[in-house]
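Open the structure in your viewer and keep the sequence panel beside it. Each stop below asks you to select something and then says what is there.

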Amino acid sequence: MWKTSATRKKRGPLIRALLLAALLVAVAFGAYEYGKSQSPAGLSGSDQRSLRLYAEALDAVRDGYVDREAIDPKKQTYAAIEGMLDSLGDDGHTRFLTPEERRENQQGLSGNYVGIGVQLEDRDGRVVVASPIEGSPADRAGIESGDVLVAVNGRSVSGQELDRIADQVKGPEGTRVRITVLRAGEEKTFYLERAEIESPAVSWAMVPGTAIAHIRLASFSDDSARELRAAFEEARLDGAERFVLDLRDNPGGRLEQAVEMAGFFLEPESVVYIRRDASGEREPVRADGDAELSEVPLAVLVNGGSASSAEILAGALRDNGRARVIGQRTFGTGTVLSEFVLSDGSAILLGVAEWLTPDGDFIRNTGIEPDIRVELEEGEEPLSPSQTERLSREEISRRDPQLWRAVRELGGGV
């Protein structure tokens, strides 16, 4: 969850952090004597000592490291910035993006990207297909939710970070990639051509035999609030009277989209979340909409993959008594990001404030606790709406107990 803040007033600690990053860039390109001998305005004595220490370490590496070809100023600079941000402890949220990663991040938030059309997640050390995107190369080839990724182009992915694996799956449009997955103990190989993927943020289907719509929100991308409103309208025209809003495995995205969505369900001036800045000052952020869906029966699904803006929306609906939240404790992001673009096109996504639920609960590292806790056991998985509409109610209850509990809460389980 982040927003660009080019005009935001930068407070002292933030100035010092960004100056330190800029000075580290200068150090890495040979100006480290400045850090050794000068006292830049605005830096505390502690910051100055840190710069001198870094300069000493860099001096030792450049003068003494045996493999001269391994010394790369840009890599050293990026590693220094990443290390600085990692030390803040805002795991999975505050982070550094290279120019290429920043472009990909922007592309992802637009809802379009080049790939094969799968969402991957780490489950107990295994890389699993959370769900193929409908109509994508992966979906057409027969890759299924729950498939375990074994290899990319014949190379095992065991032990690799999820981001590195995703980079191997991606590639230029029109190029081919060989994907090997494990399904029911059997390896299957797929040859796929990468394509531009239009990844809709919202999908929906009716739960068979009920007047309940299963609406899945996959991300908070640029136009996701409009997509969500349209899905509810379409479902109501199709006879839906009650709704399951599925936020499972939603990593978040645009903060303003979450606030706009909350305005669909909450009366105007209801608190969506509370923003707490570095000084400790708290500011309630309120719903501003027509509350056109404020009366529809609603249940919300979450799990450990629900993060950032997904947690804001779930927390707002829970604390305002608008919907019961069902599933597992959420990820626990809890910080509001602003983007600070650096001179080479790289960027820092920096947590500039914490957010709390309307009741004042801190979310960072603790997550949203559901009203009704339902675990998924081995062999059970979150169903997509496209799966839901093809299954009987008995199959839904067996394969996705979380969804089935939401259906029961809305009176559709009998």
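**The whole protein**

Colour by secondary structure before selecting anything. This is a predicted model. It contains twelve helices and 20 strands. Of the 414 residues in the protein, 50% are buried. Take the contacts between residues at least 6 apart in sequence: 67% of these join residues at least 24 apart.

**Stop 1: helices α2 and α3**

Select residues 45-64 for helix α2 and residues 73-86 for helix α3. Their axes are 13 Å apart, and the packing angle is about 150 degrees. This angle makes α2 roughly antiparallel to α3, since angles over 145 degrees count as roughly antiparallel. The crossing of α2 past α3 is right-handed.

Now show side chains. On α2, pick Y54, L58, V61 and R62; they meet P73, Q76 and A80 in α3. By type, the residues of this contact are five nonpolar, one polar and one charged.

**Stop 2: helices α8 and α9**

Next select residues 255-265, which form helix α8, and residues 309-319, which form helix α9. How far apart are the axes of this pair, and at what angle do the helices pack? The axes are 9 Å apart and the angle is about 25 degrees. The two helices are therefore roughly parallel to each other. As α8 passes α9, the crossing is right-handed.

From α8, the residues that make the contact are L255, A258, M261, A262 and F265; from α9, they are S309, I312, L313 and L317. Eight of the contact residues are nonpolar, one is polar and none is charged.

**Stop 3**

Is helix α9 enclosed or open? Eleven of its eleven residues are buried, so α9 is largely enclosed by the rest of the structure. Among the buried residues are E311, R318 and D319, as well as A310, A314 and A316.

Zoom in on R318, which belongs to helix α9. R318 has a relative accessible area of 16%, so it counts as buried. A polar atom of the R318 side chain lies 3.0 Å from the backbone oxygen of E369. Beyond its neighbours within four places in sequence, R318 is in contact with A323, V325, T357, D361, I368, E369 and D371.

**Stop 4**

Go back to the loop between β16 (298-302) and α9, and select N303. Is N303 buried or exposed? N303 is buried, with a relative accessible area of 6%.

Show the backbone atoms here as well. Polar atoms of the N303 side chain lie 3.0 Å from the backbone nitrogen of D249 and 2.9 Å from the backbone nitrogen of G305. Leaving out residues up to four places away in sequence, N303 touches R248, D249, Q328, R329, T330, F331 and P382.

In the loop between β16 and α9, select S308 too. Its relative accessible area is 2%, so S308 is buried. S308 is not a glycine, yet its phi is positive, at about 55 degrees. For context, most residues other than glycine have a negative phi.

**Stop 5: E269**

Select E269, in the loop between α8 and β14 (271-277). E269 is another residue to check for its backbone angle. Its phi is near 80 degrees, a positive value in a residue other than glycine.

**Stop 6: helix α12**

Finish with residues 401-409, helix α12. Which residues of α12 are buried? They are P401, Q402, L403, W404, A406 and V407. These buried residues pack against the strands β12 (212-217), β13 (242-246), β16 and β17 (324-327), and against the helices α10 (385-388) and α11 (393-399).

Terms used: Residues are numbered from 1 along each chain as its sequence is written. This is a predicted model: local features need pLDDT of at least 70, side-chain atom pairs count only at pLDDT 80 or more; totals for chains, interfaces and linings use all residues. Side-chain values use heavy atoms; hydrogens and water are left out. Axes are lines fitted to C-alpha atoms, for helices over the stretch in contact, and angles run from 0 to 180 degrees between N-to-C directions. Helices (H or I, at least four residues) and strands (E, at least two) are DSSP runs, numbered from the N terminus. Angles under 35 degrees count as roughly parallel, over 145 as roughly antiparallel, 65 to 115 as roughly perpendicular and the rest as oblique. A crossing is left-handed if the near helix is turned anticlockwise from the far one by less than a right angle, and right-handed if clockwise. Contact means heavy atoms within 4.5 Å. Ala, Val, Leu, Ile, Met, Phe, Trp, Tyr, Cys and Pro count as nonpolar, Asp, Glu, Lys and Arg as charged, and the others, Gly among them, as polar. Buried means under 20% relative accessible area, exposed over 50%, partly exposed in between (1.4 Å probe, protein chains only). A polar contact is a pair of N or O atoms within 3.5 Å; within protein, one must be able to donate a hydrogen and the other to accept it, and residues adjacent in sequence count only if both atoms are side-chain atoms.
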